[in-house]
Structure formats: C-alpha cells, structure tokens
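Walk me through this structure, please. I would like to know what holds its parts together and how its chains meet.

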Amino acid sequence: MIIPIGVAPSSSESNRAFPPQLVQFGSDEYVLIELQGSLEVEGNKDGQVVGRLRVDEASKKPTLLIGHHLLEGKLVNLPKPLAIMHRSMPRDHDSDQRDILMDGGLENRRSTQAQSRWDIVAVVKRKMVFPRRPMPMVGRVASLPQTEKR
Amino acid sequence: MADLSLKFSSSTALDTGSFRLLELPSDLSKAVESALLSIKGDPDEDAVLCTGDKTYTLRSIVLSNSVLVVTPSQEDDGNSSDVVIRDQIHEVLELVSSVPRLHKLDSLLRGREYEEGRDEEEDIEMADMGENRSSQHVRLSYVDARNVLQTSDSELDRYLRDRRVLDLDGELRPIVPSYLTTILELILTNLVSLSLSHDAVPADTLESALEGGHDVRRDVARQVMGWFGILANGMWKMDAQAIVREVGLGILRPHRDDPIAQDAFLARWRTAVGDTFAAHVSLALLAGNYLSSTDSTRDPPLTTLTYLPCSQLPTDPAARFGDLFRARARWRAEEIAPFLADVAVDAKERDRLLLKYTRAVPGEGGVWYSARGR
C-alpha cells in the first residue's frame, strides 16, 4: 500500500496570510503553538474563541490570554525543520462514486485506496512555545467563553 | 499590534486528525521541495517513507506537550484579526535513514526464474493445472513490486539489477545464473566474430546475432546488455570487467562443495571469455566469492578454490563470523576482509568486528584470525 505525499507549499484553499508579527514564528500560513498540557473543551467547539494572542512589537514576546489566565511565550528555533502534513479531503467524493457505478465493481478497491493522500503544506523551522504554567490575571475581566486549560 | 483572536476552526470534526508533523533530517529538508515522497507499508508492517532514492523508517514520538496547528482565518468576512486552530497534535513523526526492505522480493520471485526453452512449456503446464496452481505462482510486475516493497524506486532498480531480474512481458523474472553465463559468453564470442569494438557496439546488430544464431530473446539480450554496460542511442558500451567477472562466477558456481584447482579454473575462465578479454581475468575480481586453500602436502603445492558467495552469508555479524569459521578455522586478514565488506562500512568498523568476534594470533606470514572460544 502506498500513500503518496504531495508537496503543496502554498495551499490553494486559502490565499490569506498571517500578519507579519506572526509570520516570524512559522510560515506565511502556518504557525505551530506549543502548550503544556492540552486544550480541553466540552461540547461543540466549532468556531469558538479560545483566547487573545498578542505579539509585543518591541520584545517580540508572544502572550496568550485564555480566560483569566495569561501565558507568556517565546520563539524557539527547531533543531530539525518540521514538515506540516495535511490530509487532502476527498472533495470529489461524488464523482468517485459515479465512477464506481459506471465501471462496475472493478474500480472499487482502487478508489478506497486513493482516499488518503497527504500533502506537505508547509515546512517550518520555528515554533511558538508557552513553556510555563499560566499566571492568573486579577482585576481584568475578560468575557470569554468556557475554555479552560488543564 | 492588535490582539489576535485565537479560535477553533469552524469545522473541527473535519480538521481534527488531518494534520501530522514530520521531522525532516537535514539531508531531506532540501529534497522535500522537489522530491516525490510516499509512505509505504502494509497494515502489519512498520511504515517507511521513501524518496526517489532513499528509504526512511517512520517512528512516532509522543509529546507530553501539545502542538496547535494555527492558520489564518478562512472565513470570507475578512476579519483579519482571527487566527484558527486547525488541529491539536500530540506526536511528531521522526525519520530514521534505513536500508530498503527487499527481502520479501526473494520469496515473491521464487519459482519464476527465467531460462530459455523451459518457459513456454511451463506456462502451458500451469494453465492446465488450473487456478490452484497459478495462485502459488502469482505473476509479479514491476508496478506490483513497487507497491509491495518498502523501498525507494532507485533502490529497487539497483536491487533488481544486482539480482539480475528481467522484466519480461510485464513480469519480473530472475534469470537463471547458468543461462546468464551462456548469454555473456555468446556476447563475447559474437563481438569477436562480428569484429565489433566493445566500446561501441550497435545494440541492434548484436541483438539480431544473438536472436538469429542462438534464440536469445531480444528483450532478454537488451536487458542483459543494460546490466553489463551502458546503453545509449542504440550503442552499447560494454563493461568488460563486469562481464568477465560474471563469467568467472558462472564457472566457479558449481564448485561449492567440490574444489577446483586454481590453475584449471583460470584456464577455463580464460577460454570462456576468449583471447580478447583473457587479460581481464584475475582472481581479484571474484573477491568475496571464493575460498582458496593450499594443499602443501602435494608437490608442487596445489591451490584449490571453492565457491563461497558473500551475498548468501548471514547479514548479522555474529552469524556471519560463525559461518566463516565453519567454512575454515583460520583466516588471514586479507582473506577475510572481502567477506566483511558488506557488513562493515569501513576498515575501522571491520577492525572493530574482528576484535569482537575473533581471536588474532600472530603466526607465519602475518596475523591469523580464528574463532573466539566460548
């Protein structure tokens, strides 16, 4: 079994780029943010706001405010570059199925094999790391949804 | 800079699990922009990543931290202060350069050796036997081999060439060594009889001669020529040394258990390659394929050779030394070196292996190596 890996440095699905302050932490369209622990969300998280990300112009220090918790981050150069791979969505799913119907069962196996295809969408040499535990912010009320960090 | 709003993607179910991080070794990070990469392996095998010419083992490194893959917002409303978490990742895939996994090919090709004449009868026979029989002899095409084997394309090509595997009518078939020797001897004699220079042979002329006079299939002849020289623009530049070596191996091969006298062997070898190429004949060409022993009780002392191919010895160093010392109790450094060439990358590594697995005894004419006692 072969899973082909394409190289698509600039993804076609979006032509939007980050603001320059963020580009320096990764590439035009991808930034890796490393956190201790993980983000745990209950319920549907589609489109929900996690927090406010700010990069200080002078010190270039990133900060992330999640609820009442402030995280201080830094830029870390990766010892080895990381390729970000993205699975291509089987967008032409309908036409695939039509093919199966037309060609009979023969193509069946082939089309299920072809479903997973990965593309290298970016190669990054840096990441944004928030290495410490969050600091509680007192006296600043942020009206953010129920996103908590563990 | 204004605050950016960090959001989850609007289609988390679709995005989750759709990203992977692949750590690139320095030699690959440049290749990644141009090379065609693919991941190969059956569900029960460890996956490997193949570039055009190299194979890497994939290993998953679990992270205690989590890495967010963040992209610009893809909503069309143009709210540029949004950035979107597409996926949360807890592992990084690490690549480790590895040897291609080709051992499966040997068992897949078993029973499909190609030899002149035997071919057609067997096919008819197989057809008679019905499906039961043919399922054991599944035809393996080059494309099949690419799909099944965990190896890069150029490593596969090199292996097929080294193993002398023909691609005939869309099927991979190893050539029977004795038939290969026959074809090579025919090539050498035909070059002489057609008075062609071996530096520039019109491929077509040679193919016609082999086909007309000796029933060698043209596609077989062409592929054999490819193995032993360079084919370009219909002209063939023969690698005389390689052909002479292969012919020598062909003569030596039957003498696995019954030794042949060195002089007799060299004489037969020279005859087989003909006067023109006799000068290329040298035992050094066969290093790592023979074992010579001298019977000093005879007068004059008689040196005999037996066939011992390095390629069929175990690849594990301990097992390799075991086999070598079973074949012979004591070895000189220069005798054992060719048999270690493919397990040790350099002389330093070889010395390390010798130190570990053998006992060195200074004796007449240098150091002798023998097995370590248990």
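B:D106 and B:R163 form a salt bridge, with their closest N and O atoms 2.2 Å apart. A salt bridge here is a side-chain nitrogen of Lys or Arg within 4 Å of a carboxyl oxygen of Asp or Glu. The pair links distant parts of the chain. B:D106 sits in helix α3 of chain B, B:R163 in the loop between α7 and β7 of chain B, and 57 residues separate them. Helices (H or I, at least four residues) and strands (E, at least two) are DSSP runs, numbered from the N terminus. B:D106 counts as partly exposed because its relative accessibility is 30%. B:R163 is also partly exposed, at 32%. The cut-offs are these: buried means under 20% relative accessible area, exposed over 50%, and partly exposed in between (1.4 Å probe, protein chains only).

This is a predicted model: local features need pLDDT of at least 70, side-chain atom pairs count only at pLDDT 80 or more, and totals for chains, interfaces and linings use all residues. Residues are numbered from 1 along each chain as its sequence is written, chains are lettered from A and ligands numbered from 1 in the order in which they are written, and side-chain values use heavy atoms, leaving out hydrogens and water.

Next comes helix α7 of chain B, residues 153-162. Its buried residues are B:E155, B:L156, B:Y159 and B:L160. They cover an arc of only 135 degrees around the axis, so they lie on the same side of α7(B). That arc is taken from the directions from the helix axis to the C-beta atoms. What do the buried residues of α7(B) pack against? Their partners in chain B are β5 (55-72), α3 (103-109), α6 (142-148), β7 (165-168) and β8 (171-174). Contact means heavy atoms within 4.5 Å. Just after α7(B), B:R164 takes a positive phi of about 60 degrees.

Other salt bridges also join parts of chain B. Side chains of opposite charge can pair when their charged atoms come close. Over all chains, the structure holds 24 salt bridges. In one of them, B:R59 pairs with B:E94, and the closest N and O atoms are 2.9 Å apart. B:R59 lies in strand β5 and B:E94 in strand β6 of chain B, so the pair ties together parts that are 35 residues apart in sequence.

B:R217 is in the loop between α9 (203-214) and α10 (218-227) of chain B, and B:D169 in the loop between β7 and β8 of chain B. The two are 48 residues apart. B:R217 is partly exposed, at 23% relative accessibility. B:D169 is exposed, at 63%. Elsewhere, salt bridges that share partners join B:D204, B:E207, B:E211, B:R218 and B:R222 into one network.

Now turn to where the chains meet. The contact takes 57 residues from chain B and 52 residues from chain A. The area buried between them is about 5,000 Å², and carbon and sulfur atoms give 60% of it. Buried area is the accessible area (1.4 Å probe) that two parts lose on being put together, summed over both. How many salt bridges are there between chain B and chain A? The count is two. In one, the side chains of A:R52 and B:D3 meet at 3.8 Å, N to O. On the side of chain B that touches chain A, the elements giving two or more residues are β1, α1, β2 (19-23), β3 (37-40), β5, β6 (82-98) and α6. β5(B) gives the most, with nine residues.

B:S9 lies in the loop between β1 (4-8) and α1 (12-15) of chain B. B:S9 counts as buried because its relative accessibility is 3%. Leaving aside neighbours within four places in sequence, B:S9 is in contact with A:K45, A:D46 and A:G47, and also with B:D15, B:V84, B:I85 and B:R86.
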